[in-house]
Amino acid sequence: AGRAPDRVVTSVCGFCSTGCSLDVHLRDGEAVGLTPTVGYAVNDGMACPKGWESLTPLRADTRATTPLLRDAGGRQRPVGWSEAVDAFVGGLRGVQQRHGPASVAFLSTGQIPTEEMALLGAVAKFGMGMVHGDGNTRQCMATAVQAYKESFGSDAPPYTYADLEASDVVVLVGANPAIAHPILWERLHRNPHAPAVIVVDPRRTETAAAATQHLAVRPKADLELLYGLGHLLIGLGAVDEDFVRDSTHGYAAYADHVAGYPPERVAAATGIPVADLERCARTIAAGRAVSFWWTMGVNQSHQGTRTAQAVIDLALLTGNIGRPGTGANSITGQCNAMGSRLFSNTTSLLGGRDFTRAADRAEVAEVLGLDAACIPDRPSLPYHRIVEGIANGQIRGLWIVATNTAHSWIGQDDVRDLLGRLDFLVVQDLYTTTDTAQLADLVLPAAGWGEKEGTFINSERRIGRVRKVARAPGLALADFAIFRLLAEAWGVGGHFRRWSSPEAVFGLLQELSRGRPCDFSGIDGYADLEAQGGIQWPQPVPGALVEKERRLFADGVFHHPDGRARFVVDEPRPPAELVRPRRPLVLLTGRGSSAEWHTGTRTSTSPALRNLVPADPYVEVAPADAAARAIVSHDWVELVSERGTMRARALVTPTIATGSVFVSMHHVDTNRLTMPSFDPHSHQPAYKHAAVEVRRV
Ligand code: SF4
C-alpha cells in the first residue's frame, strides 16, 4: 500500500449483494489501493465503508496460512497440504464407510464466486456421494426463493436498481437500506420524482426516520398489515383489473381472504391507527409507479414466505410489476447469494432444477458428461435439518466452507455443542480464529475475495467479475483449487476434468442455464462481462444488445406453465415464543451498522471499520422499559432468554417501541438468545422474534 499504481482492474465488491464495482489499483500485479468505479451501472463512483476497506481483511494476521489438523492431544497443529488432504479423505470417507454416504454433509456460503460454489456442490454430491448440503443463504434468502417460486413460477427477483429512481411511491417492508444497503439508499435519494417513502418496521430505523410515513408495526404483525392494506386498496378501487385478469390467478380467493381484514381489526393487531392505514393505502393507490421492497424483517420470520407473498400480492393487485419504478423486490444479503440460489447444488439441482425429476438429472448429466446415476434423486435436507441430523446421529461428518455457523446459527449454544459432537469437522475459511474454525478437526486455509477469479450475481441479477488482485498468504489456496485437490485425492478427479478453471466452469454454467429463466448462455465469456460492466440475466442470445438496466415480466408473462402469477394467502400464525411475565420483551435483531458484516470475521480486522461502531455490545431499550428497570444509557445490562444470556450496554432510545429491545446481529452472543424456530415453507430461521428480559448488572 502507498505505492503508485501501474494498472487498474475492476472487481465486484465481496461484501453485500448490491454488487458495487471497485477499481483496484495494482502495482506489479498486487493491489495497493482501490476506488469505487465511476460509470458502473450499480454504484457509479460510490462505495460504503466496507467496500472502501475491502483490502484490509486480506492482510490480517489472523489469516489461515497453513492447514491445521487436530492431534491426539486436542491441539490444532500446522500440517502441509498432503497431510491435510489425506486427513480430509480419511476423516470424511471413514465416516461414510461407517455410517453411509449421506452421513457426511456440507454447509456452504453466499460469499464465494459462483464457479466455486458450483464446483463444491458438484464434487460433494456427484463425486463424494454426499446427499445433504445447504448454504448460509438459508439464513437470508430462502424465504424470497420460496415465495418467488410459488408466486412467479421461478426464483426470479424481477427488478433493476433503476426502479428505485423511477418510482413515485417506494414501500420498504422490514428493510433498513440506509444501513444494510447504503448505495441503494443513495440511489433512492437520486430519484427525481421525490417519491413518497413508506417504511414498515417495528423500529424507527435510520430509514424509517427519513420516510414520508413510518408504520411502526407490532413485531410480527406484518402479515395482518399487508392483508389489511390489500383490503383497503380494493375498497379504494386500486385494482388493476386488466393486469389481474390477464396475468394472474387466484384473485377471487385473495379478495375473499383480505375481506376479513378490515382496518379496525388490523389496527388492533398491528398497533397502527386506522387513519395511518388509510393514509398508506391512499398513497399506494395514487402512485403511478409503486415499488415494494423487502429484506430480512420479512424473510427471517416464522411466517416469512407468506409475508413475502403478501408483499407480492400487493404488487400484483395494483399492477405494479414489469414497468419502470415498480416490482415486488427482495433485496438479497450476501455478495453472491444469487449465485448460490441457482448453482450451489444444495436444495436445487444446478440451474434451479429439481433433484427429484429424472429429466432434470438427465439434462445436467448430459451437459457435464456424467452418469446420471451419480446425481442424488432427492434434495438436501435444509440447514436446520442437517443440524438436527447431527443431534440424532444421522449426520456424523461435516465440511463447512466460508461460513461461521458457531456464531451465526440461531440458538447458538446448541449448535456449538452439536459441532463438537461430530466424528469429523472440516472448516475451510480465511481465518483460524472464527468460532467455527476453533472447533474444527481440520482447518483448510482459503484465499479470500481479491485473491481469486470468478463471478458474483447481485440482487438485480447482474453477473459481475471478481478479480485476483493479491496473492493469498502462506499455503492458502483458492477454494476452487482446494475443491479440485480434494476431488483428485478422493479418486473422482476424472469426473471434473472439464471444470479446469473458473472461466471453464462459467462456460458449463452457461450451458446449464440454457432454456431456464436464468439463461445467460448468450454472454461471450468473462471478456463480455468486463466489457459490458456486468450483465443481468436473462441474456440468452449471443451478441444481443445488453441494456444497462433490465427488469423481468415487462410482457406480463410469468414462469408458471399458464404464464400467470399466483396470489397466495394464508392464516397468520403466532410466533413460536410469546412474551410472558418472566420474559416480557420481544427481542429484535438486525444489522447494526454499515461498517459491520455478519459475524465480523473480515470487518473486525479493519481499524477504520471498528472505529465506526461502538466498542461494546449494546441493546436498544425503550424509555418506559428502561425506567421500569432503573436502567439508564451506558449501564451494563444482562439480556436473558430461555436459551442463554448476553451482556451489553444499554442505549435508552425512543427509536425502539415499548415492549421490544433491539440487539445487533453482529455481536457474538446475540444468537445465544434467539429462538430456533423456522418458516415451514422456506425453512429459514426466525431471527426476528424471541422473548427476553433485560436487567441491570
Ligand atoms: Fe460493497 Fe455493498 Fe458497500 Fe457496495 S454497498 S461497497 S457492494 S458492501
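Which residue in β26 is the bridge partner of L585? Select L585 and V692: V692 is the partner. Before moving on, note how to read the model. Residues are numbered from 1 along each chain as its sequence is written. This is a predicted model: local features need pLDDT of at least 70, side-chain atom pairs count only at pLDDT 80 or more, and totals for chains, interfaces and linings use all residues.

**Stop 1: around β26**

Select 690–696, which is strand β26. Strands (E, at least two residues) and helices (H or I, at least four) are DSSP runs, numbered from the N terminus. Two strands pair if DSSP finds at least two bridges between them.

Is β26 enclosed or open? 5 of its 7 residues are buried, so β26 is largely enclosed by the rest of the structure. A residue is buried if 20 or more other C-beta atoms lie within 10 Å of its own, exposed if 12 or fewer, and partly exposed in between; C-beta atoms are placed from the backbone.

**Stop 2: the 7-strand sheet**

Colour the open sheet ordered β5-β4-β16-β15-β14-β6-β7, whose pairing is mixed. β5 (76–78) and β7 (132–135) stand at the edges, each with a single partner strand, so one side of each lacks a neighbour in the sheet. Select 68–70 for β4, which pairs with β5 in the antiparallel sense over 3 bridges. L68 has P78 in β5 as its bridge partner.

**Stop 3: the 3-strand sheet**

Go to the open sheet β17-β18-β19, where pairing is antiparallel. β17 (454–457) and β19 (535–536) are the edge strands, each with a single partner, so one side of each has no neighbour in the sheet. Select 462–466 for β18, joined to β17 by 4 bridges. I457 stands opposite I463 in β18.

**Stop 4: the cores**

A nonpolar core is a set of buried Ala, Val, Leu, Ile, Met, Phe, Trp, Tyr and Cys residues joined through C-beta atoms within 7 Å. The largest has 188 residues; V123, V171, V311 and V426 touch the most other members. A second, separate core of 26 residues includes V619, L639, M675 and A690.

**Last stop: domains**

Colour domain 1 (68–138 + 335–447 + 473–514), domain 2 (158–330) and domain 3 (585–696). These bounds come from an automatic or database domain assignment. The C-alpha centres of domain 1 and domain 2 lie 38 Å apart.
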